[in-house]
Amino acid sequence: MTDTASHFHASRLLRDELAVLVAYTPIVPFEVLSRRLGLPAEQIVKLDANENPYGPAPAVSEALAEFSYYHIYPDPQQSELREALAGYAGVPAAHILPTHGADEMLDYLCRLFLRPGDAIIDCPPTFGMYSFDAQLGGGRVVEIWRTAGYGIDVDAVEAAVLASATGQDDGGRVKLLFLTSPNNPSGTWLPDDELARMLALPVMVVLDEAYVEFADHASRAAWVLEHDNLVVLRTFSKAAGIAGLRLGYGICPAWLMDELWKFKQPYNVNVAATVAGLASLRDLDYLHAIVATLKAERRRLSALLATIPYLLPVPSEANFVLCHVQGRDAQHVKRALEQQGILVRHYKKPGLDNCIRISVGRPEQTDRLVEALRSL
Ligand SMILES: *Cc1c(COP(=O)(O)O)cnc(C)c1O
């Protein structure tokens, strides 16, 4: 049909890929819930988004208040922040790219590698943004389900990558493999030997380390220096407690940095996030102390959850604990907690049927939660 002025609607100009997408379902904002329940915001126990209940170091708020150049654009090369991150992550600044949250780097990677029809491997149950970003660009999502203990089915990943690389499957090529360690929402760790096996495959591996500070194992950031097909993602949203300011970073091989410099928005990281990130990295004693506090609280929370007859907690290396709910409906548990001003995340999907995920909070928040769970 030809477009005449009277028949034309601009929505017809949209890309076809958008038709299959659904909008992100946001959770009820904290202030709205507090009004609805008639509870002051500070009495809401928010354990549904893995945020850090302590927030950033006091030095971060001071640095933000004192900074007086908010009217000046940020440094597109992010030199000072990249130098500070190099010291923290233990890799040279030339391999580090700060982004507007780790989520921005996920978007960049999908847009850099995927043409419509190209595929990613997603290993559900896991973080939802990998398949979301891939589908935005018309990418296909090959799902390799995790095993019963939430480990990666490495044989199946290997078979899927090799079939695609030799043209034995019908679609476009598998280009990106997303791995998360510790995984969200299971809190489980991907062992070194399994990661090494997958790095030997002809695919770009994206290792999401959003929760690595809380793990009982070491980061694989420095592996990027040895593996040209690895990107490691990190964030200030969880351990550093500035989720609202949006600051993450990718640790990338040199050849990929060259492409990202052409690709990234010049001012992708704003000045407030930069000031806060630098101040966090100057006060690592605070960061380490908060992480130690949250890890100790995770152990206490897991032990207490194990005493609730209808909950089966999964051992976690992150700042949250996934629980299978047995003999009752997880959504009812979530709703009943919500009535008492306690927010947790509920899941009802394959691999996570009838589960709740509880973020690690302050000790008094754990106590309120456990008391409420006992009384249900
Ligand atoms: C929270 C989270 C992120 C997002 O981090 P931002 O820096 O806030 O964008 C990335 N990956 C996983 C697995 C997460 O849970």
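What volume does the largest cavity have? The largest cavity has a volume of about 60 Å³. A cavity here is a set of points, on a 1 Å grid over the protein atoms alone, where a 1.4 Å probe fits but cannot get out. Grid points are joined across faces, edges and corners, and a volume is the space filled by probe spheres set on the points. Rolling a probe the size of a water molecule over the atoms shows where empty space is left.

Before going further, note the ground rules. This is a predicted model, in which local features need pLDDT of at least 70, side-chain atom pairs count only at pLDDT 80 or more, and totals for chains, interfaces and linings use all residues. Residues are numbered from 1 along each chain as its sequence is written, and side-chain values use heavy atoms, with hydrogens and water left out.

Back to the cavity. The count comes to 2 cavities of 30 Å³ or more. The largest cavity is lined by Asn52, Gly55, Pro56, Ala57, Ala239, Ala240, Ser280, Asp283, Tyr286, Leu287 and Ile290. Lining residues have an atom within 4 Å of a point. Helix α10 gives the most to this lining, with 3 residues. Helices (H or I, at least four residues) and strands (E, at least two) are DSSP runs, numbered from the N terminus. By class, the lining has 7 nonpolar, 3 polar and 1 charged residues. Ala, Val, Leu, Ile, Met, Phe, Trp, Tyr, Cys and Pro count as nonpolar, Asp, Glu, Lys and Arg as charged, and the others, Gly among them, as polar.

Now the open space. A pocket is an open set of points with protein on both sides within 12 Å along at least five of seven lines. The second largest pocket has a volume of about 300 Å³. Its lining holds 18 residues, and Phe67, Glu80, Val271, Thr274 and Val275 lie nearest its centre. Helices α3 (79–89) and α9 (271–282) each supply at least two lining residues. The largest share, 5 residues, comes from α9. The lining divides into 11 nonpolar, 4 polar and 3 charged residues.

Next come the sheets. Seven strands, in the order β2-β8-β7-β6-β5-β3-β4, form an open sheet with mixed pairing. Two strands pair if DSSP finds at least two bridges between them. β2 (96–99) and β4 (140–143) stand at the edges with a single partner strand each, so one side of each is left without a neighbour in the sheet. Neighbouring strands are turned by 25 degrees against each other on average, direction ignored. Inside this sheet, β6 (204–208) and β7 (230–235) pair in the parallel sense over 4 bridges. Leu207 stands opposite Val232 in β7. Helix α5 (129–136) packs on the sheet and touches β3 (119–122), β4, β5 (174–180) and β6. The direction of α5 makes about 170 degrees with that of β3. Helix α7 (192–199) lies across β5, β6 and β7, at about 150 degrees to β6. Contact means heavy atoms within 4.5 Å. Axes are lines fitted to C-alpha atoms, for helices over the stretch in contact, and angles run from 0 to 180 degrees between N-to-C directions.

One joins Pro124 and Pro125, with omega about -5 degrees. Pro125 sits in the loop between β3 and α5. The other runs from Asn184 to Pro185, with omega near 15 degrees. Pro185 lies in the loop between β5 and α7.

A second open sheet has 4 strands in the order β9-β10-β13-β12, paired antiparallel. β9 (311–313) and β12 (345–347) are its edges, each with a single partner strand, so one side of each is left without a neighbour in the sheet. β10 (320–325) and β13 (355–359) pair over 5 bridges. Cys323 stands opposite Ile356 in β13. Helix α10 (284–305) packs on this sheet, touching β9, β10 and β13.

Finally, a helix pair. The axes of α4 (101–113) and α8 (254–263) come within 11 Å and cross at roughly 100 degrees. α4 and α8 are therefore roughly perpendicular to each other, a term for angles of 65 to 115 degrees. Met105, Tyr108, Leu109, Arg111, Leu112 and Phe113 in α4 meet Trp255, Leu256, Glu259, Leu260 and Phe263 in α8. The contact divides into 9 nonpolar, no polar and 2 charged residues.

Technical notes. Angles under 35 degrees count as roughly parallel, over 145 as roughly antiparallel, 65 to 115 as roughly perpendicular and the rest as oblique.
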